[in-house]
Amino acid sequence: MSIDFKELIKDFTNGLWAENPIIRLVIGMCPTLAVTNTASNGLAMGLATSFVLIMSEIVISIIKKLIPANVRIPSYILIIATFVTFTDYFLKAFFPGIAASLSIFIPLIVVNCLILGRQEAFASKNPTHRAIADGLGMGIGFTWVLTLLGMIRELFGMGSMFGFQLLGEWYRPMVIMVLPAGAFITLGILVGIMNQISREGK
Amino acid sequence: MEEFNQILLLFISTVLINNFVLIRFLGICPFLGVSKQVETAFSMGLATTFVMTLTAGATWLINTFILEALNLPFLQYVSFIIVIASLVQFVEMFIKKTSPVLYKALGIFLPLITTNCAIMGLALLIPLNGYSFIASVVFGFGAGVGFTLAIVLIAGLREKLEFGDVPEVLKGVPVTLIVAGIMAMAFMGFSGLISM
């Protein structure tokens, strides 16, 4: 079996922009809005989701022929839930601070439509190496938007970035940016800007 | 009487102050996806409220009498998602048999509810908050009512937005998010209503 590298690169870059889960497909919105009050929270959430996504894509693309078609969705959810439990216990043991600030949004990765969607649309139809490329691309695509959103909200809301104070005493933080309302508005404007960029690119 | 007051306060605070969609960010996918028309949004809200109330009771029983009793907390996520998926399936079959009219109204929304993170979030929040059985059911019902309120309100606003002069790049999702942000700001006004 030869591996077509052009195809792999296409699978990988697909998730970064053309079919970016948040900006283009608008899925996986709950964690996107809820945990991006700081840049490091956004990054941690993105990495945790990417890990679950890649691992379950690998497992499902390996055992896809063993799963009967009419029980495939419950089987996928079980595989995803196993990796989520693993991630949750790992974070609680080694990074208790992050686990506490992400709270129930780690277990909620189970019902993130991005993960189930990629299993159904990609991993169940393609060989393992392509599934890994897709998982990596989608994972990074999800992570960079979350991190960017977290950076914007943290900068305006607290005058800092990744916990480092960037803006001096003169800056009066816009508290609204770290509150729920700020999340909706920032993401709305961000998606609008991205739409404009991709329109100009055409 | 004291207990009744507590339950009533829990209901009001779940619907308005800690609204599942606008304050806790649970159930954003249907909130953005199924909110183009008031009528469908209301049906979705109704179906979700129904499933949420049942889920709250069922997961409380399973968590207390099986998972905690046998010391199996690591099975929490797996068992909750199975309970929700089978409950949704059961509700779908039950409604199909007993009330074809209701099935026609809610039918297509029911499968979508399984992956609605508001339901899973509800199941996870109950053990975290340590509610009693009755409080859990009220919490589930309140969460559903709050969800319905938010989705019907945004659907009403989106129907009006159809005729508005929205910049081309903001059409669709971006403007809905911005409107939701303004709604979230309005809901923040409830935060001083009662202290719990």
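This is a predicted model: local features need pLDDT of at least 70, side-chain atom pairs count only at pLDDT 80 or more; totals for chains, interfaces and linings use all residues.
Reader: Start with chain A. How many helices and strands?
Author: Eight helices and two strands. Helices (H or I, at least four residues) and strands (E, at least two) are DSSP runs, numbered from the N terminus. The order in chain A from the N terminus is α-α-α-α-α-α-α-β-β-α.

Reader: How compact is chain A?
Author: Chain A is as compact as a globular protein of its length, because its radius of gyration is 18 Å, close to the 17 Å that the globule rule gives for 202 residues. That radius is taken over C-alpha atoms, and the rule is 2.2 Å times the number of residues to the power 0.38. The C-alpha atoms of chain A fill a box of roughly 60 × 45 × 30 Å along the principal axes.

Reader: Which residues of chain A does UniProt list as "transmembrane region"?
Author: The unreviewed entry lists 43-63, 75-91, 97-117, 129-150 and 170-193 of chain A. UniProt positions are in the numbering used here, feature names are shortened, and annotations may be inferred rather than shown by experiment.

Reader: What does the model show over 129-150?
Author: Residues 129-150 of chain A are 100% helix and 0% strand, with end C-alpha atoms 31 Å apart. Residues 97-117 of chain A are 52% helix and 0% strand, and their end C-alpha atoms are 30 Å apart.

Reader: Now chain B. What is its secondary structure?
Author: Nine helices and zero strands. For 196 residues a compact globule would have a radius of gyration near 16 Å, and the 18 Å of chain B agrees. Its C-alpha box is roughly 60 × 45 × 35 Å along the principal axes.

Reader: How do H3(B) and H4(B) pack?
Author: Helix H3 (residues 38-68) of chain B packs against H4(B) at about 140°, with the axes 10 Å apart. Axes are lines fitted to C-alpha atoms, for helices over the stretch in contact, and angles run from 0 to 180 degrees between N-to-C directions. H3(B) is therefore oblique to H4(B). Angles under 35 degrees count as roughly parallel, over 145 as roughly antiparallel, 65 to 115 as roughly perpendicular and the rest as oblique.

Reader: Which residues make that contact?
Author: Among them are B:Phe50, B:Leu54 and B:Ile62 of H3(B), and B:Phe80, B:Val83 and B:Leu87 of H4(B). Two residues are in contact if their C-beta atoms, placed from the backbone, lie within 7 Å.

Reader: And what about H3(B) with H8(B)?
Author: H3(B) and helix H8 (residues 133-161) of chain B pack at about 165°, axes 8 Å apart. They are therefore roughly antiparallel.

Key: Residues are numbered from 1 along each chain as its sequence is written. Chains are lettered from A and ligands numbered from 1 in the order in which they are written.
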